[in-house]
Amino acid sequence: MNVDSIERGVVIDHIAAGKGMDIVRLLDLEKMTCPVAVIRNARSGKIGKKDIIKIEDEIDVNLDVLGFIDPNITVNIIEDSRIVEKRRIAPPNQVVNVVQCKNPRCITSTERDLPQIFLRKPGSKVYRCRYCEQEYQPRD
C-alpha cells in the first residue's frame, strides 16, 4: 500500500494497532474538511503492527487525549514535506470530557453539565473520577 506524503500537516504515528479509530472519534477528525488518512495495521519494526493517521492541514491536536489512549504515540509536525518537530506523548495527569464515569451514583450521571474529569493515580495507568473516585484504566 502506498499513501503519499503530505506537504503540511500532522502525522500521528506509533499508535497501537486498532486504536486509530478511537483517536479519529475523540478528535472529531471525521468532521474535518481537509484530507485525513487512517492507515490500520501497518508493519512496524518496533511494535509489530501499528496505526497511523495523516492530516493534511494544521490542527490543534489534543495531546492529552493521545497520551490517554496510548502513551507511545508520536506526533510529527510536517512543513514543506519534512518533519520539523517530533513530539513524544506522555500520559496526562488529568483528562476532561474524554471518557464518562460508569458509576450510576456519580453526580455526573444526574448533573449532565458537569465536566467528566479523571485524575491519574501517581505512577500508574489508572485514572479516578474526580467526583466519586470510580477507577478507569485505558485498555492496552
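## Salt bridges: the criterion and a network

A salt bridge here is a side-chain nitrogen of Lys or Arg within 4 Å of a carboxyl oxygen of Asp or Glu. By that criterion, Lys121, Arg128, Glu133 and Glu135 are linked in a network. The model is predicted. Its salt bridges number 7.

Lys121 pairs with Glu135, and their closest N and O atoms are 3.5 Å apart. Lys121 is partly exposed, at 28% relative accessible area. Glu135 is partly exposed too, at 40%.

Where does Glu135 sit in the fold?

Strand E8 covers residues 127–129 and runs antiparallel to E9, joined to it by 2 bridges. Arg128 has Glu135 of E9 as its bridge partner. Both residues also belong to the salt-bridge network described above. Strands of a sheet pair through backbone hydrogen bonds. Opposite charges on side chains can pair when their charged atoms come close.

Is strand E3 buried or exposed for most of its length? Of its 8 residues (48–55), 6 are buried, so the strand is largely enclosed by the rest of the structure. The cut-off for buried is under 20% relative accessible area.

E3 pairs with E1 and with E2. Strand E1 (residues 9–16) contributes 5 bridges, in the antiparallel sense. Ser44 stands opposite Gly48 in E3. E2 and E3 form a hairpin, with 3 residues between them.

## Two further salt bridges

Which residue does Asp57 pair with in a salt bridge? The partner is Arg8, with the closest N and O atoms 3.0 Å apart. Asp57 lies in the loop between E3 and helix H2 (63–69), while Arg8 lies in the segment before E1, so the pair ties together parts that are 49 residues apart in sequence. Asp57 is partly exposed, with a relative accessible area of 27%. Arg8 is partly exposed at 38%.

Glu85 and Arg87 form another salt bridge, with a closest N–O distance of 2.8 Å. Glu85 is partly exposed at 36% relative accessible area. Arg87 is partly exposed at 29%.

## A negative surface patch

Which residues form the negative surface patch? They are Glu7, Glu56, Glu79 and Asp80. Asp80 is found in the loop between strand E4 (74–79) and strand E5 (82–88).

Asp80 has a relative accessible area of 61%. Exposed means over 50%, so Asp80 counts as exposed.

Terms used: Residues are numbered from 1 along each chain as its sequence is written. This is a predicted model: local features need pLDDT of at least 70, side-chain atom pairs count only at pLDDT 80 or more; totals for chains, interfaces and linings use all residues. Side-chain values use heavy atoms; hydrogens and water are left out. Two strands pair if DSSP finds at least two bridges between them. Helices (H or I, at least four residues) and strands (E, at least two) are DSSP runs, numbered from the N terminus. Buried means under 20% relative accessible area, exposed over 50%, partly exposed in between (1.4 Å probe, protein chains only). Patches are made of residues with over 30% relative accessible area and no salt bridge: like charges are joined within 9 Å, nonpolar side chains (Val, Leu, Ile, Met, Phe, Trp, Tyr) within 5 Å. Accessible areas come from the Shrake-Rupley method with a 1.4 Å probe; for residues, only the protein chains shown count as cover. Lys and Arg count as positive and Asp and Glu as negative; His and the chain ends are not counted. The place of a charge is taken as NZ of Lys, CZ of Arg, CG of Asp or CD of Glu.
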